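Subject: Structure handover

Hello,

Please find the structure below. My notes on it follow.

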Amino acid sequence: MSDPLTFERAGDDDRINLAVGQPSIDLIPKEMLQTAAARAFNNASEHAFNYGDPQGELSFRAALALFLQGQGQTNARAESLFLTGGNSQALDFVCERFTQPGDVVLVEDSTYFLALQIFKDRGLKIIGLPCDADGIELPALINAIETHKPRLLYTIASFANPTGLCLAEARRAEIARLSRQHDFIVAADEAYQLLHFEKPAPKSFSHFLNDGNLLCLGTFSKILAPGLRVGWLEVSEPLMPRLLASGWVNSGGAINQMASFIVTDCLHHDAQAMHLSTLRHTLAARAAVMQSALKANLSELATWTAPKGGYFFWLRLTDSLNTNDLVAPASRAGVGFQPGNFSSANGHHPNYLRLSFAAYGITEIETGIHRLRTVLRQR
Ligand SMILES: Cc1ncc(COP(=O)(O)O)c(C=O)c1O
């Protein structure tokens, strides 16, 4: 069985590694970032290199609020935003601030495999919730709330990792309401919220900030550059003081302040908005190529729903194979994928696999799927 914790990066070996959920190098606008960095550092105020506002500098939060408003998150306000080092750091921070070891966290079954690791690191008990095509099934959620008295619910509501599906808007509203009624916190990981191909995702959880105990996690990793380590939390008002009362935040000031200035420059010059629009087109084109390649090569071997945004296809093999057993042969054939049970708190979905179309161009995607067919045909 392969290990979910081995760090993998596209291009580190000869495989076409469709397991990795990272942007390909050509999707990271290096020159744009170099220009923004030069401008941000040259124009920096005398305070810029000192300790920063623990919540993130107002210039960053105000520019981010405007950007989010422009993207349809009309309620975004600088006061509700908190600078983070990306969604991984934010998620760990949320656990540290709002949970105790032994508390229950509810997650979608399936979910982001490394979020599971963060919850384990924090000693949380993870309970997977069943999902249908519209996301978390509400009767099962209500049952889990009554049975487990969760402290946290973690959801990847839009173009989810790994399923590519979206949680229906009415369910988002109801989950927000339930969090208030039953006193738990919703951590909505919105890493892919802005990455639609045609129709925008259902409303961000940020629209329901006043109705529940909500923390929306946004990141520039998937829409700009993972190496910046810049993201944000948008939070229900009563939760902000707890974030600001953190010892390391008070001691060190804002996390990753200088990188936030680079992002601020990209936001001011509309460079982020323009890049996002290019990115959506490129990802949509790659998803379409993967869809055609899958249809041509795997239609008798697997079923799937074509994603309408995000980074991933989620395939169910028609034979009851354990996809963990296929990792090594696939690797020998020069292709990588992520086995289904990595994404389950309970080891479910052994006959599923996750494929990313973000890390490679169209020729490699086609070749990769062809190689996958050879591997599956030999089983
Ligand atoms: C759902 C989800 N959350 C968080 C992350 C990591 O985000 P960041 O780079 O902002 O830490 C990923 C990356 O794959 C992801 O898919």
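Leaving aside neighbours within four places in sequence, Ser344 touches Asp109, Leu116 and His349, where contact means heavy atoms within 4.5 Å. The model is predicted: local features need pLDDT of at least 70, side-chain atom pairs count only at pLDDT 80 or more, and totals for chains, interfaces and linings use all residues. Numbering runs from 1 along each chain as its sequence is written, and side-chain values use heavy atoms, with hydrogens and water left out.

The side chains of Ser344 and Asp109 are joined by a polar contact of 2.9 Å (a pair of N or O atoms within 3.5 Å; within protein, one must be able to donate a hydrogen and the other to accept it, and residues adjacent in sequence count only if both atoms are side-chain atoms). Ser344 counts as buried because its relative accessibility is 6% (buried is under 20% relative accessible area, with a 1.4 Å probe and protein chains only). Ser344 sits in the loop between strand S14 (338–339) and strand S15 (352–356).

As for the protein as a whole, it has 12 helices and 15 strands (DSSP runs numbered from the N terminus: helices are H or I, at least four residues; strands are E, at least two). Of its 379 residues, 56% are buried. The C-alpha trace spans about 65 × 50 × 35 Å along its principal axes. Among contacts between residues at least 6 apart in sequence, 75% join residues at least 24 apart.

Regards

Definitions and conventions. Buried < 20%, exposed > 50% of the residue type's maximum accessible area, 1.4 Å probe, protein only.
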